[in-house]
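Morning, everyone. Let me put the structure up, and then I'll walk through a few spots.

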Amino acid sequence: MTVLLVMAKAPVPGVVKTRLCPPASHLQAARIAAAALLDSLDTVGATPGVTPVLALHGRLADAEEAAELTAAIAGWQILPQRGTDLGDRLANAHADVADAYPGRSVFQIGMDTPQLTPAQLDAAVHRLSLGDAVLGPAMDGGWWSLGLHDPRYAAVLRTVPMSTALTGHHTIAALREWGLRVDCLNPLRDVDEWADALAVAASNPGDSRFARQVAAVQRSLTSGIAP
């Protein structure tokens with residue numbers, strides 16, 4: 001059974017999604033982050049045949065929607081993120097999962113793609129079962145997912161410059177240097193800036209927490225009423 005690893009920051013105002021500010025306030029950005037994380041946790045929970053694990057940076061007790069987030073991860077394995085930078089934290093999270101679940105493949109996502117559906121996630125996990133590695137490119141040049149048949153190969157992420165327009169390219173190249181066959185998934189837009197939040201919310205309407213929260217912020221900006 002594949003381990004589905006979610007990398008996340010506790011949605012604390014002033015700590016997460018600061019690139020949404022302005023126009024959003026730090027409080028609004030944290031609420032948007034909490035909604036994105038809750039939608040992502042729901043998607044993982046609705047994906048069959050996986051073992052959910054959360055690698056968390058920060059304390060949920062300090063976060064927006066702390067009670068709902070705590071309830072959403074009931075029964076999950078929770079691991080603290082370790083490391084000095086993002087590449088290090090990613091590599092360590094995969095290594096920690098490898099220690100906790102020997103011999104399992106790992107498929108990792110973050111909290112920036114709340115539009116991801118259980119069907120898309122299930123199909124991506126199946127693709128991983130057919131090869132060495134899968135990578136889901138993001139439209140900004142990064143990546144929204146990484147699946148590894150052997151999660152210890154995530155050590156290569158320590159050498160990859162993160163949060164650049166070439167992060168996806170360099171990640172694929174680093175994995176291929178170790179002889180891995182890398183299968184690319186369909187690209188998704190991740191939520192970094194306000195334009196991303198609007199576009200992702202528009203593509204994911206209905207009962208999505210994320211879309212509702214973005215709409216609430218838009219209304220407050222139009223009315224001039226602070227949250």
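Is Ala-74 buried or exposed? Exposed, with a relative accessible area of 58%. The cut-offs: buried means under 20% relative accessible area, exposed means over 50%, and partly exposed is in between, using a 1.4 Å probe and protein chains only.

Some ground rules. This is a predicted model, so local features need pLDDT of at least 70, side-chain atom pairs count only at pLDDT 80 or more, and totals for chains, interfaces and linings use all residues. Residues are numbered from 1 along each chain as its sequence is written, and side-chain values use heavy atoms, with hydrogens and water left out.

Back to Ala-74. It sits in the loop between helix H2 (66-72) and strand E3 (77-80). Helices (H or I, at least four residues) and strands (E, at least two) are DSSP runs, numbered from the N terminus. Ala-74 and Val-134 are 60 residues apart in sequence, and C-alpha to C-alpha they are 28 Å apart in space.

Now strand E4, residues 106-109. Which way do its residues point? Val-106 and Gln-108 go one way, Phe-107 and Ile-109 the other, and all are buried.

Next, E4's partners. Two strands pair if DSSP finds at least two bridges between them. Strand E1 (residues 2-9) pairs with E4 in the parallel sense, over 4 bridges. There, Leu-4 has Phe-107 as its bridge partner. Strand E6 (residues 143-148) runs antiparallel to E4, again with 4 bridges. Here Phe-107 is bridged to Gly-147.

Thr-113 is buried, at 4% relative accessible area. What does Thr-113 touch? Leaving out residues up to four places away in sequence, Ser-40, Trp-144, Leu-188, Arg-189 and Asp-190. Contact means heavy atoms within 4.5 Å.

Last item: aromatics. Rings of Phe, Tyr and Trp (its six-membered ring) pair if their centres lie within 6.5 Å; planes under 30 degrees apart count as stacked, over 60 as edge-to-face, and the rest as tilted. How many pairs does that give? The count is 1. Tyr-153 and Trp-178 are edge-to-face, 6.1 Å centre to centre, with 65° between the planes. Tyr-153 is in the loop between E6 and helix H5 (167-177), and Trp-178 is in the loop between H5 and strand E7 (182-184), so the pair ties together parts 25 residues apart in sequence. Tyr-153 is partly exposed at 29%. Trp-178 is exposed at 56%.

That's it from me.
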